[in-house]
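Have the structure open as you read.

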Amino acid sequence: MPTVIALDVSLSMTRPIPHQPKTGGAGDGSSENSLTYHLVAVKGVNYILDYLTKHARLEFVSLIVYSSLYEVLVDFTRDYDSIRQALHKIEHYDKTSLENVLVAVNNAFKSHWGSQNYCQIVFITDCGVGMGPSSLKNTIINIQNYKAACAAAVAAATAEGVKDATGGVATAVLPQPSDNQWVGFAYPSKLSFVCLGSLATDSAFRCGTKLYQQLLDASGQKGQLFVPRLRPDEPVPSVDESVSPADNGCDDAIAGAFRSQLTKASAMEAFETMCETNYRQFEATLRCGGYFRLEEPVIVWPAPLPYTARDVLGGETTKLMSRRLEVCGFVSLSDIGSPMSVSRHLILPRSPGSSTSTAQHTGEDGKVIKGNSLPSVEERLEADIKAFYAKSDSDPAQHHHHHQHNDEHGAGLEESVCVLLHGALKVENMAALVLLGDAWYGFIYSYADGKKKWNLMLNVLPPGNDVVPWLGDLRYLGTLEDALPGENPAFPIKAEKRSYSQNIVVWIRQAGLQSDIQKVLRHAKKLPEKTQHFYKELNRIRRAALSLGFVELLEGLAHIFEREIGTLPLSASPDCSMQLNHAAMELRKPANRDLKIVIHALPTQYNQLG
């Protein structure tokens, strides 16, 4: 779950916060009584990084600064120290333009993570609204006009009753926003604004917070505003006692305005509230079987989102994952295959110090002792059975010494269900079927990332009992011992041979597409010996591009072939340039957009095909 931190660096952020105690120089070149909004924002960014270091170390974070333009200071990384160092190199610019940076964040996240991942977007600003065509008020008006145009297009298509090929009502053609217009993020996200200012004394800040909230409401974007509040027990900043609130134009209703100024403590409280709201850990209990020891508190990271399903009539139903993960059984990975999933999460064991079951009790000497609650009846019974079988009739004193040694060093030898489950699944090449809620299942399996570090992964399936067609209804799965004599215990669909080809083209990452193009070019440079291999790979890439609707790739390949003709060495065969030119011409022909057509080699005197 990546995070984008956008920091406002407009000139208004350099203002000193009014009515602050004199600092007398902080060693950073700042003058006396110069606690600015920017310094508070930088401290807030450091607080966010410290919070993520402690509670979500796997979070990818990117830092963007913006005013009328924007700049990506640090791309998505887990090295939080590089972000801290970049905070010291920030420069301030002109006015605030929120729409430009919203468009930039939308494009930057899609280019790195696609449109299926969830993103946390945190803006730290003094709620400047800008001016002119790029002001926040004009942005809200443009969003409202776009929403109205979309609603009108849908209403027109419904009124006309245009039918599609299946006989249903055709989907309305919605207007497309311009490249520099923001109408909402194209992926699941939450937009949080940490607003630095005082609602009681700053009228511009009050107007800005209202417009920022209108931005969230108009766009339909999920988000929240976090505004600092002065706590009642917080000391009042030192001000000039000779000036009364009435002399500053305040009436009796806001006579305590000086008590509601922005302070560093109230701002840090707003950042703390934002972190606890957006990055709260999902703590659950993993239970495997009926044995009481096979139960352990775990952390599911990233926190699973509520699943919203829409029925045929348009009604929406939201389901939440249970805090109790029940292992129902184990299935071979070859039988599971690759079912459709909602999300994937890491299963991490929760340390006893962070467990909510950890209690504080007082020992005999009156000191407070932190530890788990008193052992249950089952734990005491198991301890007695172990002690009975561990007795040594020959040397009771040695047994007594061994028992004391285990009590002293047994703290680090506690059982872990995650370790046991991970090792078993890895060795047996199986996955655990887990019940996540009412008619909601998932699979837990052993997973290794690029660094060959093994983890326990939870694959969440869509809600339902029959979501994996080749396994059938998950409620009716049983063990081999449950099968009747002569009954075939196979799954409903068991294909010994896959119905699809194994030599498929996968272009999920950029490296896959580059390697396929480089392979074609390597064959092209070895023409005429590699003529058959060249056209075989060319047709394979062409079919994949047409199947995916990636028609632009064909024009790009044609340009690459024409460029390679000019870079061929003198020792290259004349057939090489002739075949490359022929392939480029065939790729550009509109008649060759059919999947059934195959591009053949050009017969020449060099390849002996004529």
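## Cysteines

How many disulfides does the count come to? Taking a disulfide as a pair of cysteine sulfur atoms within 2.5 Å, the count is zero. Cys-127 is in no disulfide, and its nearest cysteine sulfur belongs to Cys-195, 3.3 Å away.

As for burial, the cut-offs are these: buried is under 20% relative accessible area, exposed is over 50%, and partly exposed sits in between, with a 1.4 Å probe and protein chains only. Cys-127 counts as buried at 4%, and Cys-150 is buried too, at 11%.

## What sits behind the values

Keep in mind that this is a predicted model: local features need pLDDT of at least 70, side-chain atom pairs count only at pLDDT 80 or more, and totals for chains, interfaces and linings use all residues. Residues are numbered from 1 along each chain as its sequence is written, and side-chain values use heavy atoms, with hydrogens and water left out.

## Salt bridges

Side chains of opposite charge can pair when their charged atoms come close. With a salt bridge defined as a side-chain nitrogen of Lys or Arg within 4 Å of a carboxyl oxygen of Asp or Glu, the count here is 14. One of them joins Glu-295 and Arg-324, at 3.7 Å from N to O. Glu-295 belongs to strand β8 (residues 295-301) and Arg-324 to strand β11 (residues 324-332), so the pair ties together parts that are 29 residues apart in sequence. Helices (H or I, at least four residues) and strands (E, at least two) are DSSP runs, numbered from the N terminus. Glu-295 is partly exposed at 30%, and Arg-324 is partly exposed at 36%.

Now for some helix-to-helix pairs. Lys-519 and Glu-537 meet in a salt bridge at 3.3 Å, N to O. This pair links distant parts of the chain, with Lys-519 in helix α11 (residues 510-524) and Glu-537 in helix α12 (residues 531-548), 18 residues apart. Lys-519 is partly exposed at 30%, whereas Glu-537 is buried at 9%. Another salt bridge brings Glu-555 and Arg-588 together at 3.1 Å, N to O. Here the link runs from helix α13 (residues 552-566), which holds Glu-555, to helix α14 (residues 574-588), which holds Arg-588, and the two residues are 33 apart. Glu-555 is partly exposed at 34%, and Arg-588 is partly exposed at 27%. There's a network as well: salt bridges with shared partners join Arg-287, Glu-295, Arg-324 and Glu-326.

## The six-stranded sheet

Strands of a sheet pair through backbone hydrogen bonds, either parallel or antiparallel. Two strands pair if DSSP finds at least two bridges between them. In which order do the six strands of the open sheet run? The order is β3-β2-β1-β4-β5-β6, and the pairing is mixed. The edge strands, each pairing on one side only, are β3 (70-77) and β6 (223-226). From one strand to the next the twist averages 15°; axes are lines fitted to C-alpha atoms, for helices over the stretch in contact, and angles run from 0 to 180 degrees between N-to-C directions.

Strand β1 (residues 3-8) pairs with strand β4 (residues 119-125) in the parallel sense, over five bridges. Within that pairing, Val-4 has Ile-121 of β4 as its bridge partner. Helix α2 (residues 80-87) packs on the sheet, touching (heavy atoms within 4.5 Å) β1, β2 (61-66) and β3. The direction of helix α2 makes about 160° with that of β3.
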